[in-house]
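Have a look at the model first, then read on.

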Amino acid sequence: MAMVDCPSCGAQVPVEHRFCGRCGHPMKPSAPASAAVQTAFFGAMQSVGKAKLILIRGEGMDGVSYHLNAAEHIAGRKSGAILFPEDNYLSPRHANFFYDEGRLYVRDEGALNGVFIRLKEPAVLEDGDVFLAGEELFRIELREIVGETTSADHTHFFASPRPAAAGRVVQVFEGGRTGIVHSPRDGAVTIGREQCNLNFPNDRFISGRHCRVDLSATTATVTDMQSRNGTYVRVKGQRELAHGDYLFVGRQLLRVEITAT
Amino acid sequence: MIVCPNCSRDNEDHYKFCLGCGTELARAPRPVAPTVLPQAVPIKLPGLNPLSAHTPAIELPRSVKPTLIDPSGPRIEAEPTPETPRVDPTPAIEAVPPPDRDELPFDMSTDGEVSHGAVAAAAAALSAAATAATASPEPAPAPASDALPFEPVTDEGLTAAHAPLTEAERETAEAPTAAALGAALYDATVTAPEDARLCSTCGTPVPEGFKFCGVCGGRYDARSRAPAAVASVPVVEAAPAPAQLVVIHPDGTEGAKFSLSPTETTVGRAHPSPLFADDPFLSPRHATFYFGKNQLFARDEGSLNGIFIRIKAEVELFHGDLFRIGQQLLRFEELAQVRPVLPGAGDGTMVMGSPVRGAWGRLSSVVAINTPASVWVLRKVEEALGRERGEITFPDDGFVSGSHCKVVTRDGRFFLQDTGSTNGTYLRVKAEAILSQGDLVLLGQQLFRVDLKP
């Protein structure tokens with residue numbers, strides 16, 4: 001059976017179906033999707049300075065392209081031109097891809113989970129910033145842990161020794177619980193599948209040695225260690241995009257292609 | 001910070017032994033004034049601003065000395081000083097007379113910190129009373145032992161220095177990290193001479209010719225020597241006690257014994273016994289020991305630091321349980337009962353994060369009241385803890401064994417197993433627990449063994 005990709009969610013839809021069985025998006029009745037994509041692709045090539053987002057599917061295959069030919073393009077779960085109705089990690093209105101003076105930007109529209117961009121060079125993070133390595137999400141905490149060590153009746157609390165360093169890397173589980181909290185003695189944490197400070201042997205998307213975090217009193221520097229799938233940091237506010245950038249929007253991985261400048 | 005001379009590790013000022021390698025740490029010497037007690041000694045207290053014009057110069061007339069003795073504390077430590085009475089220059093600090101808190105020139109209760117000066121002074125004051133009893137050229141009035149019906153001096157050339165607090169015990173009050181499990185609180189075990197007559201029940205020296213112990217009433221039996229080498233009288237108990245708590249020193253030797261009342265005994269910082277009174281890690285009312293149904297129970301009186309009992313083979317763990325290994329205080333949480341810290345959006349958006357992938361629990365190290373620091377996720381069926389081996393390691397904690405304990409899940413339940421650790425794994429008692437013969441119990445900074453008498 002001939003299949004076409006749903007332009008909304010990328011699901012495989014039989015050519016004769018009029019709606020996507022996954023997301024309900026109306027399908028163009030006759031034109032084969034591949035032809036439609038190609039046509040649009042060439043169209044995009046002609047518009048100078050315009051960009052597109054390519055949805056990356058399993059094993060790195062390219063999926064649907066979203067052509068960014070308007071002034072702004074909303075990505076979200078419920079509204080916008082870039083719609084992912086089945087991805088519950090997207091807020092209803094999640095991000096905005098827009099042009100300003102011919103440059104492409106992405107702006108977090110106050111999304112719960114935000115937009116993550118793949119590191120091309122080490123990034124300096126602050127307290128509360130988050131990053132992704134493989135499927136693992138981490139938060140940087142630099143504030144000193146405060147807590148009473150004496151009760152109201154002046155009894156001293158018998159506690160564990162405090163970690164030598166103030167900064168720590170905190171794993172965040174889906175649903176918002178806290179997982180691992182690691183305070184490295186020397187301020188450096190390596191993260192990967194094996195032989196790192198924090199190991200995730202069951203994460204298929206994490207490299208053996210994936211990234212490292214260097215914590216100081218006020219900042220944390222995240223460095224990707226040439227991992228296969230990259231290390232992503234959350235975009236704060238808005239950020240200019242460049243050709244070849246990779247973004248996570250919810251569970252969707254998008255590649256930015258800027259046609260020409 | 002004290003830098004370990006052996007392994008160069010930084011240790012907290014109050015540590016007596018290096019957390020990394022166990023080497024005894026040198027401590028700053030206490031101020032010593034080269035004077036033998038004159039009629040009045042002006043003293044500058046450590047901990048007070050030496051520049052202050054108000055630094056109290058404490059006048060200590062001789063006549064004040066008897067008030068130094070704490071009448072509620074009938075305690076005796078027979079110190080083995082057979083050679084000579086003390087002739088050292090008396091440390092100036094020893095003359096500080098803090099007969100009670102109101103008269104202290106500093107407030108031990110304001111900031112919750114027991115200041116070094118305060119503790120040292122208080123302890124030294126007690127010591128001064130004892131020193132006066134032996135070393136003073138004048139007849140010393142009322143040493144601590146007057147509370148007892150006999151003079152606890154053996155006739156073996158032992159000039160008993162009735163130091164109410166040993167040096168080691170003074171250290172205790174300043175060594176908050178304690179010893180959980182034997183972390184060194186005591187410098188040395190104070191042993192009685194080989195041939196001292198010690199009560200076999202409570203360890204009190206029994207003077208020659210006495211058939212019964214003046215403290216506990218126990219019959220003196222020359223054949224059975226006191227089980228412990230330490231002579232100490234923690235409490236006055238009229239009738240033979242049905243159970244006692246025996247102090248276990250870090251080196252495994254036994255120390256003072258504390259007899260439990262046949263009905264109930266509440267211990268804590270407010271208890272007059274020196275075993276408890278000087279421990280800032282005990283709540284004022286900490287724990288109650290009582291008998292019910294022929295069993296000994298320990299009940300936590302809502303204390304801050306609780307009662308910890310060394311586990312034998314395996315105990316079940318429940319959400320929120322606290323246990324101690326080495327210097328670590330760890331909290332177990334069942335992951336299903338952990339609340340998310342990140343709020344959802346309320347619009348159906350899920351909070352993104354790492355997949356849980358079968359994780360079932362968390363362990364947190366607790367560094368302040370209700371304050372976790374490091375957290376480990378429990379995912380395998382068995383997660384081992386140790387200094388060197390296991391999924392969760394504490395390489396800096398010399399009191400954790402290489403392989404120490406395990407947290408295990410089985411049939412949806414959770415268990416804690418000791419895997420042959422040297423210092424043991426201690427689980428905090430929730431509400432109350434039944435104690436058995438030989439149980440090891442941590443109260444504040446001290447480790448006790450439960451002795452039930454037949």
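## Chain B at a glance

How many helices and strands does the secondary structure of chain B come to? The count is 3 helices and 21 strands. Keep in mind that this is a predicted model.

Chain B has 454 residues, and 54% of them are buried. If you take its contacts with a separation of 6 or more, 56% link residues 24 or more positions apart.

The largest nonpolar core has 51 residues. Among those with the most contacts inside it are Phe97(A), Phe131(A), Ile191(A) and Val213(A).

What does Val213(A) touch, leaving aside its neighbours within four places in sequence? Its contacts include Phe131(A), Ile140(A), Val169(A), Ile191(A) and Ala220(A).

## An open sheet in chain A

Chain A also has an open sheet of 5 strands, in the order S6-S5-S7-S8-S20 and with mixed pairing. Strands S6 (82–83) and S20 (238–240) of chain A stand at the edges with a single partner strand each, so one side of each has no neighbour in the sheet.

Further in, S5 (residues 72–76) and S7 (residues 95–100) of chain A pair antiparallel over 4 bridges. Here His73(A) sits opposite Phe97(A) in S7(A), and Phe97(A) is one of the core residues named above.

Terms used
Residues are numbered from 1 along each chain as its sequence is written. Chains are lettered from A and ligands numbered from 1 in the order in which they are written. This is a predicted model: local features need pLDDT of at least 70, side-chain atom pairs count only at pLDDT 80 or more; totals for chains, interfaces and linings use all residues. Side-chain values use heavy atoms; hydrogens and water are left out. A nonpolar core is a set of buried Ala, Val, Leu, Ile, Met, Phe, Trp, Tyr and Cys residues joined through side-chain atoms within 4.5 Å. Buried means under 20% relative accessible area, exposed over 50%, partly exposed in between (1.4 Å probe, protein chains only). Contact means heavy atoms within 4.5 Å. Helices (H or I, at least four residues) and strands (E, at least two) are DSSP runs, numbered from the N terminus. Two strands pair if DSSP finds at least two bridges between them.
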